[in-house]
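Please open the model in the viewer and keep the selection panel at hand.

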Amino acid sequence: MSKLISHKRLRNSVAAIATVVTMTAAAAPAATPRLVVGIFVKELDMQQLEVLREHFGTGGFKRLMSDGVVITGADYGTSLDAVAATTMAVTGSSPRANGIAAAMKYDSEGRRTVFTLSDERYIGNYTNETFSPQAINVSTIADEVRIAGDGITAAYGIAADAQQAIVLAGHAANAALWINGASGNWASTTYYKDIPQALQLRNRTKPLSARLDTMSWQPLTTPAHYPGLPDHLTHYPFRHTFGRALANRYDVFKASALCNSEVTDMACDVMSTMGAHDGIDMLSVAYDLTPYPYSRTTDNRFELIDAYLRLDRDIARLLQAADKAGGGRDAAIAFVVGTPPQRRQRKDDDKFNIPYGEFSSRKAVSLLNMYLIAVYGNGDWVKGYYDHYFYLNTRLAKDRNIDISDMRGEAADFLKRMSGIKSAYTSEEILTGTAGEYGAELRRNTTVATAGDVLIEVLPGWETIDDYNTPGDAARVRMVERAAATTAPAFIIAPGITPCVITEAVDARALARTIAGILRIRAPNAAYTRAISLRR
C-alpha cells in the first residue's frame, strides 16, 4: 500500500511540475525588442487620414490603422506648439513639470525672444546654432531606453527642426540631428558625443545645397486622384521650387513635403547601424504636416493632401527599414504621435468678408504703459510682450513698494477693454487654475519660469501683429486667431497587442508610460499619469 501511495505521489508531483512548466511557458513574455521607432507628426489630423485611407499604400498609415492600436484623440489640454507637445508626449508630463511651454521664450531682462533650448555652452557641429536639452527638467522615453541598456544601446532623434530633434533625443542619446536653415547641412550639437557617420557622409556626398536648385515639389499624381479638391484647384496644379533667388530657401524647403522625405532618408541611413545590440535601440523621427505657408493662395488643400500622400510613403519606407533592423515585421515596435493644430492660421482672402481686425503688440504695450503711469506714476512699467503674454516691471514695482498682484489686476482689467482682446488673465489666476473655462489645463501647461504677468486671448479672426518684437513689414505674417483642437491621433504597433480603436479622449501624458510598459522599462521620471488600457 505504501508503495502505491508513493507512486501516486510521484505521478502527481510530475504532473504538477509539468503543469507549472506549461503555464510558465505560456505566460513567458515575448523576447525583448531590439529596436523601437517613435514617429511624431506635427498637426496630424485623424479626419484627413480617414478621408485619404483608400488612397494610401499598405505599408504606411493603412498599416498603422489596421494593425495597431488607434487612439483617435490624444488630448494635450491646450493648444501647444510642436516642441512643447512633443516634450509632453516623450516625458509624460506637462510643461509645468517638464519646463518646455513653447519653442520660444521671452527674456524680459534682455527684452528679446530666444529659443527655449538655446545653450551657449555647447557649439554646433556643421552649424553655428547653440542648443542642448538642459532646459528639459525631466527624463524622456529615449533617456529611459539608454538607462535600461546601461548606455550601450543607441538612441537618436532626427527632425528638420533643431529643438524638436533634441527633445526626441533627450539628455542621454547618442545624438540629435537636424537641418540647418542657413546652409542646408545636417547638423548636431557638441552636447552629444556621437556624430553618426551617416550625417558626415550625407553632408559630404549629397549636400542639400547641391541638390536644391533642381528640386521641385509638385503633385505625385493627377489631380483626379486627390479627393475633395474643388475644380478650381484641379485646373492649376501647384509647383514649388527652391532656387537661389530665395533668401530663405532652406526654410522654405523645410516647410515643404519634400523635407519629410529628406528626414526619412537620414533616418534610414542611421537605422542601418541599429538593432544589433542585446538591449533596445530607439530611433525617434519628427515629420511636419503643417499647411504650406508659401502657396500662391490661402487655399492650400492641394499641397496638404499631397503632403499626406507623400508622408504615407515615407512612413512605409521607415517602417520597412525598422522591420529589417529590428528582427522582422512580427517583432516591430513602433508608435506614431500627432501634435495638435496651431491656433493661428493663414488669413482667408478678403473677398469672403470674414470679420477681421488687427491687434498690434507695440501699440498695446505703449497704451498699457501709459495707463500704468497714470495709476502708479512715471516709470517703464511694461518690459515686453511675447506670444500673448505681457511682462511687467516687477523689480520697479518692488522698489516702489507696489503690490505686484494689484498691478497685474490693473493691467488685466485695462487690457480686457482693448479692441480685439477677448479676455485677460493674471499669472495668479493661471497658477490657481481659475483662468477661464479651461483654467486647470492652462495651469498645467504653463511654465512658471518663462510665463509673463498677464495673458490675453485675442478674438477669433483677428490678426496679431507682433511689431513689438519684429519691427516693420516683417511683423505682418498674415496669421489670424482661430479656435484649435487640443487633440491629435496616435498609433501603437507591437507584438502581442491586439488592434483596436480607442475613440474616447486619452490624456497625451499617458502615452509615455504606456510605451514604457510595452518596452518593459521604467517610465520617464515625471510620468505619473496612468497607462492607457490597450484591451478593448
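A residue counts as exposed when its relative accessible area is over 50%, and as buried when that area is under 20%. The coordinates belong to a predicted model.

**First selection: Asn 401.** Asn 401 is to be found in the loop that runs between α15 (394–399) and α16. Its relative accessible area is 73%, so Asn 401 is exposed. Most residues other than glycine have a negative phi.

Please move to the loop between β1 (35–42) and α2 (46–52), where Glu 43 is located. Here, too, phi is positive in a residue other than glycine, with a value near 60°. Is Glu 43 buried or exposed? With a relative accessible area of 12%, Glu 43 is buried, because the limit for that class is under 20%.

The crossing of α14 past α16 is right-handed.

**Fourth selection: the side chains of this contact.** On α14, display Leu 367, Leu 368, Tyr 371, Leu 372 and Tyr 376; they meet Asp 406, Met 407, Glu 410, Ala 411, Phe 414 and Leu 415 of α16. By class, the residues of the contact of α14 with α16 comprise nine nonpolar, two charged and no polar.

Key: Residues numbered from 1 in each chain as written. Predicted model: local features only at pLDDT ≥ 70, side-chain atom pairs only at ≥ 80, totals over all residues. Heavy atoms only, no water. Left-handed = near helix turned anticlockwise from the far one by under 90°. Helix = DSSP H or I, 4+ residues; strand = E, 2+ residues; numbered from the N terminus. Contact = heavy atoms within 4.5 Å. Nonpolar A, V, L, I, M, F, W, Y, C, P; charged D, E, K, R; others polar. Buried < 20%, exposed > 50% of the residue type's maximum accessible area, 1.4 Å probe, protein only.
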